[in-house]
Amino acid sequence: MKWFSTYIKEMKIASRGFYFYVEIVIAVIVLIILLVAVKEYPESKAKEYIYYDMPAEMMEQVMEKEILEGNIRVLEDTELTLKPTSFELLDKETGKSEAYDFMEEKSIMAKTYEVINQETGLVSQTVYIFDQKEDMIRLSNSTGNMGASIISDSSGTLSYEYYIQGYETDRFSEVLYILHTFVTDDIEERMNQQTIREIGGTERLNSRESVIPVYIAFSGALMGFFIIMSYVFLDKSEGVIKAFAVTPSSVWSYLLSKTFVILTTVLISSSIVVIPIMKLKPNYLLFYLFLGVSSFAFSSLGLLVASFFDSISKAFGVLYLIMIAFMLPAFSYYISSFDPFWMQFLPTYPILEGFKGIMKGEADVSYVLLYSLVFFLGGVILLAFANMKFKKTLTV
Amino acid sequence: MIHVKNLSHSYNHDGKLAVNNISFEVKKGETFGFLGPSGAGKSTTQGILTGLLKQQDGEVIVAGYNVKKVQNERFNKIGVSFEQSNVYSKLTALENLKYYADLFNVPTRNPKELLKLVGLDGRENDRAGEFSKGMKHRLTFVRSMLNNPELWFLDEPTTGLDPAIAAVIKDIIKEEKERGTTSFLTTHNMYIADELCDRVAFMLDGEIKLIDTPKNLKQQYGQKLIDIEYVKDGKIMNETLKTKDESDRAKIADIVKSYDIQTMHSKEATLEEIFIQVTGRGLI
């Protein structure tokens, strides 16, 4: 009952304070950004500039064939402005370079097509057809988009010249070399003969969903860690801990009530983002269990750190270091090639992995339960230490 | 109600003692004043008695409980009014008192009645953060009365209050004494101590220099004085003369006989003057 009174009091104070609304407002902002600005499957609308070095009739035949097959769609001609520029063009085959110098600004009209991805039906590329090769090279240089010259010899065989920026990887250049070494029909046949298996499960999170594990991990764990410290320092500055210490209630119930305030806030703010985005995909029982225990563990850590300092300004150095260290696993999450062994010892690593699995709807239940137990026990131990330390630091 | 024997305390365990081997007792129903300047060791002693500071050496029994053992139920019998106001600024005055009332295992007083007692009626639903310093102090003061404490620790209970409110606070302390409450009053204000305390302890540099009743101290250390204002050769003259000094007594008789007396008052030595006489130091 005393614990409950303290919890209700803490909720009243939290709801009349700044930090409670920070979490809620951030959650609403994140939700709006994800729903409005982050597409589930972002379109990669690259631009490509092409010059056909062939008779006009032949080029029209090629384009008509593509249109009929539904590979491209005709758009209105685009007016393009070519600004004055100068650059050197290096031929990778011969090693010779050629200087270009354009002094005058120039406007041209380019035939414009959209390339359609047959699988998704989405536009994957916008292609501009140039009448002059020089114009194609000039715009490719100034915009950073790739240019290509398609040449037909007298026998009708096509060859390709690509104009790239120079910073592309060797792998990309190699792909361009082999791209047209097969007859087009062969490519599809050969692709069908290949088998590609993905390591790490079948379910994928789309662009919008893939943000959720990171948001939940850092909002639930790190914000809980930071905000509970703020609450404790606010109480210290008001001296109310001393007043509490001369009542029959235990410091333990005070600390536990603080932790439950954080849990309540985290559950609300996480639900605001997760439910509308993920809908019924995750196992919510597992999600709330994992969220609860991980948040509890980090809140307890926040209490322990707070017990060593008088004010948030004195604790800031330690607070900053801990938060930076715990954010590191986010690099592994987004850059799969960066996954050093030591990273797995940071507690936010299993939190991210756990939430990723839960959000995919294919969580490794034993992994989540094991770490739930670890975080719960860790939280209890940290809270016990915080309790001992707080008893010693209630100075007059 | 309070038994302290050979109590010492060092903050840094470096041999420098904030409290140095003090012993005293406070009887049930007594108002005991703990007097001394800042840094004398008053707050450290009160911190140990209230359990806010860990006891290091000596023996301390408070309200029947040995403070070395963690027994939170002892706080059902104890009330502590802090010198610095420490209330939840985001809670209203009433919420503050109701919350703390819920923490006790004994029947508690009606928060609204307590607020009325210190003139905060009508402000029950205002947040404490909007209160003036004096109002916060009054709220802190009545909070310590919630559990009808048998033993009441009062740390500078009237400091920073205007005279009218200070008088109200003093009256409440007197009323509680009538009801049998034991009070441990920590202050550097000798007038308050003189008015409220049955016995006082003078503390300086962590040591208790003496313990006695204000009356005994005045009899032992003080001298009765007479302030006389009279007219001599057209000028107003002032003299303070000792009633026990023969030459002064003769001078008083001469002044009364020969001059026009404007005012004449008898005066006792104050506790502050006695403190200076005993310790050689002032109270600030």
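Modeller: Chain B has an accessible surface of about 13,500 Å², and carbon and sulfur atoms hold 45% of that. Areas like this come from the Shrake-Rupley method with a 1.4 Å probe; for residues, only the protein chains shown count as cover. This is a predicted model, where local features need pLDDT of at least 70 and side-chain atom pairs count only at pLDDT 80 or more, while totals for chains, interfaces and linings use all residues. Residues are numbered from 1 along each chain as its sequence is written, chains are lettered from A and ligands numbered from 1 in the order in which they are written, and side-chain values use heavy atoms, with hydrogens and water left out.

Biologist: What makes up the secondary structure of chain B?

Modeller: Nine helices and 13 strands. Both are DSSP runs numbered from the N terminus: helices are H or I with at least four residues, strands are E with at least two. The C-alpha atoms fill a box of roughly 70 × 50 × 35 Å along the principal axes.

Biologist: Why is S183(B) called buried?

Modeller: Buried means under 20% relative accessible area, exposed means over 50%, and partly exposed is in between (1.4 Å probe, protein chains only). S183(B) has 0% relative accessibility, so it counts as buried. S183(B) sits in strand β8 (residues 182-187) of chain B. Leaving aside residues up to four places away in sequence, S183(B) touches E30(B), T31(B), F32(B), W152(B) and L154(B). Touching is contact, meaning heavy atoms within 4.5 Å.

Biologist: How many residues of chain B pass that buried test?

Modeller: Of its 284 residues, 49% do.

Biologist: What makes helix α4 of chain B "mostly covered"?

Modeller: The helix spans residues 133-143, and nine of its eleven residues are buried. Among them are M135(B), L139(B), F141(B) and V142(B). The cover includes α8 (240-245) of chain A, along with α2 (93-102), α3 (111-117) and α5 (163-178) of chain B, among others.

Biologist: Why does the phi of N21(B) stand out?

Modeller: Most residues other than glycine have a negative phi. N21(B) is not a glycine, yet its phi is positive, about 50°. N21(B) lies in strand β2 (residues 19-26) of chain B. A63(B) is another non-glycine with a positive phi, near 50°, and it sits in the loop between β4 (57-62) and β5 (65-66) of chain B.

Biologist: Are these two, N21(B) and A63(B), buried or partly exposed?

Modeller: N21(B) has a relative accessible area of 44%, so it is partly exposed. A63(B) has 7% relative accessibility, so it counts as buried.

Biologist: How do you know that β11 and β12 of chain B are paired?

Modeller: Two strands pair if DSSP finds at least two bridges between them. Eight bridges join β11 (residues 225-232) to β12, and these strands run antiparallel.

Biologist: Why are β12 and β13 of chain B called edge strands?

Modeller: They belong to an open sheet of three strands in the order β12-β11-β13, with antiparallel pairing. Strands β12 (235-242) and β13 (260-267) each pair on one side only. From one strand to the next, the twist averages 15°.

Biologist: Which helix lies across that sheet's strands?

Modeller: Helix α8 (residues 246-258) of chain B lies across β11, β12 and β13, at about 150° to β12(B). Axes are lines fitted to C-alpha atoms, for helices over the stretch in contact, and angles between N-to-C directions run from 0 to 180 degrees.
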